[in-house]
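Here is a friendly briefing on the side-chain contacts of one protein model.

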Amino acid sequence: MHALLLLLSLFLARPTGAGALNDSVLPFMEYLDPDRNVSLKWGFNDAQGTITFSLSIKSTGWVSLGFSPNGGMEGADIVMGGIGPGGAYFTDRHATGNILPVVDKQQNYTLLSLTEIEGQTTMTFQRAIQSCDDDDFHITARPIKLIYAYGTNDELNYHGKRRGTKEINLLNYMPRITLPSTDYLTITVDNINIPATHTHYHCMVMKLPKLKGKHHIYRIEPIIEHHDIVHHMLLYGCPSFVNETYNGPCYRGDTGDHCFRVVAAWAVGGGVYEFPENAGIPVGGESGDTFYRLEIHYNNPAREEGRRDSSGLRLYYTAQLRQHDASVLTTGLLLQGNLDYSIPANATQFHTYGMCNTSLFSKLEDAPVPDLHVFALELHTHLAGRKVRVGHFRNGTQIDFLALNENYNFEMQQITNLGNIKTIKQGDNIVVECTYNTVNRTGDTKMGLATTDEMCLAFLFYYPANNIDTCWSHPTTHLSDMADSQLLEEIQTSDQDPITMYEGLLKSIPQIQVVSDVHSNMSWYPKGTMMDMMKTPSVNCQMMEATSAPNSNPTFGRASGRLSTSWAVTLTGLLLLWAALM
């Protein structure tokens, strides 16, 4: 019996499956952590409706990968596995909170292989792209927040700091590139003092080092000295009349306040961003004398004194010019002047809207503006934000969503590739809708710069570049200016929910639509009408067979059935034999 136990132990500890899958089956790869200790390969088969993953982590303990609605554990669909003293283990689970995930009643993931070699555990598994199990996450062609965690041994204990989150569009993935050069510009503040205030914006206006001829920025890398207080960073290009350096608090009336052409962006939870191989942000050449403004938003809720920081951005550039000059268009809801716009307290879902009317572009451009080919977006709200949707309208009808984030997480903001190009033609409208929850607030929340204020923005990364840098809107007035209006009287006397009516009023009144360009010129239309967005498309689940049909091509769907069945039958036979001998 001891010999049989040894045989069973050796069987369970050996690598399961038929070895590594080739690159044609798993063509995509991303490191999920900055230190490159956690890597994920994947590929999918549309015809069979399956997706295959290979997770590799430099650890000999348990490993896990999850699909999260908001970047946290609660509500996440998680697989956990490893090779312990008793052999291989692998389970499909779901998280109900920040505790050990619960094993699903229905196991919908198929283990293909599990190896532990030279201190690295690799777990390869497969599932249906769309699942009918409520405990599983529906994988769609939209970005998904992946979470990972691992242990130092095979006891399923708390992971501590051995965890992370990264947002990836699994089905519309844009592969990363090999660095064409190692040249970069480093733009950081220098050991500045962070005031003991909740919110502080620091701006540094400067020239970049001289570059011989035009180059393209193709990679944006954050340099964060203190992750606990750096909320977001933006690098703006300045109009030609900005010709002096500045280093101090933002928005104090200096000429740098006119710099609004976004060149690079980073926000809390984000990481390195690489542009597609056919586009880059132009720098140098004719723009060599341009001034730039680095803006860093510091969030210091504890109001700590004596904090100093030297964070910033590293911009990788190349002289090998890409096909297109890329640019960033800021869209959404922005306020102008002293207009007050508040989100009421105790609202479970309060919607705000901003619109970009691209027909105004021609008022600032001498030549016709080419179509905008959008390849990536970054969405931005503050703490009360729960959802962000960006609708694309043509001839008054919505034709698409440019972005959908139904589980917005303030701690997880990053630039996300769309995977396919969205084309915006002149005359199209872009509507940004933000949903807020203020049930835990006792006073109104204003739209503003502070972390406790709110914003509703979408940054569109597109090519070819034009001179337009912002395109936004806001209501023409506020309720406090409408004391005699019939609409306000209806709100005060109606039996309907006043918060819902107030939201509808802000959406229904005329909207001032504004565009501005890199020279700080502006054009506006004061009688814009906010358009209604369609409902978010629902996911239709399909029951998938674990094995493929007879005589099908040897794709990973078929391999899944063969390998998992073989593993189960062999293990069952050994266990029965062991039981009989006992």
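A residue is called buried under 20% relative accessible area, exposed over 50% and partly exposed in between, using a 1.4 Å probe and protein chains only. At 0% relative accessibility, Cys356 therefore counts as buried. This is a predicted model, in which local features need pLDDT of at least 70 and side-chain atom pairs count only at pLDDT 80 or more, while totals for chains, interfaces and linings use all residues. Residues are numbered from 1 along each chain as its sequence is written, and side-chain values use heavy atoms, with hydrogens and water left out.

**Disulfides**

- A disulfide is a covalent bond between the sulfur atoms of two cysteines.
- With the cut-off that a pair of cysteine sulfur atoms lies within 2.5 Å, the count comes to 4 disulfides.
- Cys356 and Cys471 form one of them, with their sulfur atoms 2.1 Å apart.
- The torsion about the S-S bond of Cys356 and Cys471 is about 95 degrees, so this disulfide is right-handed.
- Because Cys356 lies in strand E27 (residues 350–357) and Cys471 in strand E35 (residues 468–475), the pair ties together parts that are 115 residues apart in sequence; helices (H or I, at least four residues) and strands (E, at least two) are DSSP runs, numbered from the N terminus.
- Cys471 is buried too, with a relative accessible area of 1%.
- Another disulfide joins Cys203 to Cys250, with an S to S distance of 1.9 Å.
- Its torsion about the S-S bond of Cys203 and Cys250 is about 105 degrees, so the link is right-handed.
- Cys203 belongs to strand E14 (residues 199–207), whereas Cys250 sits in the loop between strand E17 (246–249) and strand E18 (261–267), and the two are 47 residues apart.
- Cys203 and Cys250 are both buried.
- Cys434 is joined to Cys456 by a disulfide (S to S 2.1 Å).
- The link of Cys434 and Cys456 is right-handed, with 95 degrees about the S-S bond.
- Cys434 in strand E32 (residues 429–436) and Cys456 in strand E34 (residues 456–463) are 22 residues apart, and both cysteines are buried.

**Nonpolar cores**

- A nonpolar core is a set of buried Ala, Val, Leu, Ile, Met, Phe, Trp, Tyr and Cys residues joined through side-chain atoms within 4.5 Å.
- The largest such core has 53 residues, of which Leu235, Leu294, Leu313 and Phe375 touch the most other members.
- A second, separate core holds 38 residues, including Val369, Leu418, Cys456 and Tyr462.
- In soluble globular proteins, nonpolar side chains tend to be buried together.

**Aromatic rings**

- Rings of Phe, Tyr and Trp (its six-membered ring) pair if their centres lie within 6.5 Å, and planes under 30 degrees apart count as stacked, over 60 as edge-to-face and the rest as tilted.
- A search of the whole structure finds 18 aromatic pairs.
- Phe67 and Tyr109 are stacked, because their ring centres are 6.5 Å apart and their planes are at 25 degrees.
- Phe67 lies in strand E4 (residues 63–68) and Tyr109 in the loop between strand E7 (102–103) and strand E8 (110–117), so the pair ties together parts that are 42 residues apart in sequence.
- Phe67 counts as buried at 0% relative accessibility, and Tyr109 is buried with a relative accessible area of 7%.
- One aromatic cluster is formed by Phe53, Phe67, Phe90, Tyr109, Phe125 and Phe137.

**Charges over rings**

- A charge sits over a ring if NZ of Lys or CZ of Arg is within 6 Å of the ring centre and within 35 degrees of the ring normal.
- The charged end of Lys507 sits over the ring of Tyr353, 4.5 Å from its centre.
- Arg219 lies over the face of Tyr316, at 5.3 Å from the ring centre.
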